[in-house]
Each structure stands twice: as structure tokens, then as C-alpha cells.
Amino acid sequence: MEVMMRRTPAAKVGSEGVTHTQLAVQGELGWLFREQPTEDYGIDAHVEIEEAGEVLGRLLALQIKSGESWFKETNQGGWWFRPDAEHVQYWLNHSLPVVVVLYEPKAQVCYWQLVSRKTLQTTRQGGWKLLVPRVQTLGKEAASVLRQAAEGDPYVLRIRDLQLARPWMERLAAGERLVIDIEEWVNKISGRGEIALGVDNEDGQPPTELARWPIMLGLSSYADVVPGLFAWAEVGLHEETYDEAGWDQYDTECRVWGSEPTFYSEEYSDWKQGRFSGLRPYSERDEVALWRLELTLNELGTAFLVVDRFGATGKRQLVH
């Protein structure tokens, strides 16, 4: 006797929900979609962010629920989704940000909500509920928020930035001089420029380069933005560079030419006083402004090295 296998309506709707979610992710957002069909641990798919053809290694985990039954409990702004405690704990402890997607088959629309301690609410009975807003459809308008979520928790990202900068902090703690050389393309609305971080060996030679990267600051001021890129250090002028540049300008403006011996109309210290303040370029020519700034380890950098050393070795002392 031939055995006929029938596909249940629930299975059909579930498959349809995954398909429409994939279409929204790939077609609307332009990101990669990978279904996770083998086991049901509360994650149905992974999404990887892609920008300008470049895969960035930033991921989201999706829990996809399909069918009209998920839209029965309405709220003024959307629908309540009620996960069980086991799934909530799994999602909150997941290594990836988790997004719940509700697929409405009649309208063929996917709605979404991030799972976090901010979006989850406890019920009077001790359970959990999550509001999935009606305005949050899975399409281009969701890209900014979901991209930011894929970046990770801001706290974790800040600590990660400090960990990445640890070798530079250790150089400062060991007494080396670190400088930032900046080339700023002035009169460009993109704020385009380039930063090179290096070691000043105090030998009269250019700094030994450690890292280099481009920046685009738009209309923002370099003097305002650059210190924030090095939260673990105080950012100041590289004294020797700016004294040399200042002297060249002073010599041009105040030297009395043709006099023997060399004579200046005013003292350098008087000429310089009140003329300069704050972070600034030491040279500007051919629409390129040049900066050389020096880093000194601040309280945050010192404290991080102590904490990092304790985490790595169990020792509390900072080695100098």
C-alpha cells in the first residue's frame, strides 16, 4: 500500500514565512540570509550585513513566526509576542543580537522587533512579552537600526576598542612618544583625510609608523573629533613640530632683512603669545592641512591597563 505524506497547513505557512523573510533581507536590505533548518533552538536564520558588495562579518539571528495566530493579541502600536522563559534566556545569552520576525500571510508582510532587556517586558504572571510594532516592517527602512544592532552592544564595543588599542597604550606606559600625523584635505565637504599613528624616536627622523587609516568627517572639525578617536589618551600638539613651524612664520613676519647681525622686530615669545590656541594644523598648503599631535596616556588608559593585566594574569600592578 502506497503511503501518502501530506504537508500540514502550519508547515506550509512556516515555510512561506521563511521565504518572505529571505526575500525581504536579500531583496530589500541587500544582505545575506542563511536559514538554520537543522534544529529548533529558537533561531531560524542568520543574517549577515553587506555594504557596497563587502561582507562585514556582522550578524543577526532571526526567530521567524508565521501565521495569523501570532497577530491575535493586538496593541495600539502592534502585536504582543509571548515567548517562553527558556527561549528568553537563550536569546539574551546568545552571542548574536536576536530579532523576532512575525510573518502575516494575508498581507505577505514581515514585522520585526529586537530582543533585549529594554524591549522585553514581564507580565503579572511572571512571564514575558515583546511588542512587535506595526510600523517596523522588514524592508529598507529597517536597515539603519538593524545595522546598528549588528554592530553589538555599545558597552562591549567600547571595551573592544580599548583592547584593540592596548599595544599603543603599553608603548606609552613604557615611555615611548606616540604621535598622530594627519593629512586633511581642506575645502572638501567630505572632510576627507588620513591619519598615521607612529613612534617619535626623537632622532630627527620621521616617526616610525604603526598604523594608518582614512577618515571622512564631513563638516565636523578635526580638532573636535580626533581626540574622541583616542579616548584612552590626552591629545596635544607635538611641541617640537609646532615650535619649528611657528619659528618659520615668525622669521618671515618679524625678521628685519638686510640688517647685520640678524635683527627681529619683536621677541619670539612676545610674537607667539596669544597668537595660537587649541589643536590646529602646523602647515596648510595646496589645500592640504598637516597636523602632528602627541598622545599621553590618561586616567582611562592607565586604568584599563591595570584591569587588563588583572584579567590576563591575576596581578593588580601595572608594569612600567
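Predicted model: local features only at pLDDT ≥ 70, side-chain atom pairs only at ≥ 80, totals over all residues.
View 1. Strands (E, at least two residues) and helices (H or I, at least four) are DSSP runs, numbered from the N terminus. With a relative accessible area of 16%, Ser283 is buried. For this and later views, buried means under 20% relative accessible area, exposed means over 50%, and partly exposed lies in between (1.4 Å probe, protein chains only). The side chain of Ser283 makes a polar contact with the side chain of Arg285 at 2.8 Å. Such a polar contact is a pair of N or O atoms within 3.5 Å; within protein, one must be able to donate a hydrogen and the other to accept it, and residues adjacent in sequence count only if both atoms are side-chain atoms. Neighbours within four places in sequence aside, Ser283 is in contact (heavy atoms within 4.5 Å) with Val288, Ala289 and Leu290.

**View 2. An open sheet of five strands.** The strands follow the order S1-S2-S3-S6-S7, and their pairing is mixed. At the edges are S1 and strand S7 (109-115), each pairing on one side only. Ignoring direction, neighbouring strands of this sheet are turned by 30° against each other on average. Two strands count as paired if DSSP finds at least two bridges between them. S2 and strand S3 (residues 54-66) run antiparallel and are joined by six bridges; His46 stands opposite Ala61 in S3. Helix H3 (residues 143-151) lies across S2, S3, strand S6 (98-104) and S7, and runs at about 110° to S3. Axes are lines fitted to C-alpha atoms, for helices over the stretch in contact, and angles run from 0 to 180 degrees between N-to-C directions.

View 3. Side chains of opposite charge can pair when their charged atoms come close. A salt bridge is a side-chain nitrogen of Lys or Arg within 4 Å of a carboxyl oxygen of Asp or Glu, and the structure holds twelve of these salt bridges. In one of them, Glu48 pairs with Arg34, with the closest N and O atoms 2.8 Å apart. Glu48 lies in strand S2 (residues 45-51) and Arg34 in strand S1 (residues 32-35), so this pair ties together parts that are 14 residues apart in sequence. Glu48 is buried at 9% relative accessibility, whereas Arg34 is partly exposed at 37%. Another salt bridge joins Asp308 to Arg166, where the closest N and O atoms are 3.1 Å apart. Because Asp308 is in helix H9 (residues 299-313) and Arg166 in helix H5 (residues 166-173), the parts tied together are 142 residues apart in sequence. Asp308 is buried, with a relative accessible area of 19%, and Arg166 is partly exposed, with 31%.

View 4. Glu209 forms a salt bridge with Arg212, the closest N and O atoms being 2.8 Å apart. Both partners are partly exposed, Glu209 at 44% relative accessibility and Arg212 at 43%. Elsewhere in this legend's theme, salt bridges that share partners join Arg177, Asp200, Glu202, Glu240 and Glu294 into one network.

**View 5. The largest nonpolar core.** A nonpolar core is a set of buried Ala, Val, Leu, Ile, Met, Phe, Trp, Tyr and Cys residues joined through side-chain atoms within 4.5 Å. The largest one has 27 residues, of which Ile180, Ile182, Trp232, Leu293 and Leu295 touch the most other members. Elements giving two or more residues to this core include strand S10 (177-185), strand S11 (192-200) and strand S17 (288-297). S17 supplies the largest share, four residues.

**View 6. S10 and its partners.** S10 pairs with S11 in the antiparallel sense over eight bridges, and Leu178 has Val199 in S11 as its bridge partner. S10 and S17 also pair antiparallel over eight bridges, with Leu290 in S17 as the bridge partner of Glu183.

Note on methods. Residues numbered from 1 in each chain as written. Heavy atoms only, no water.
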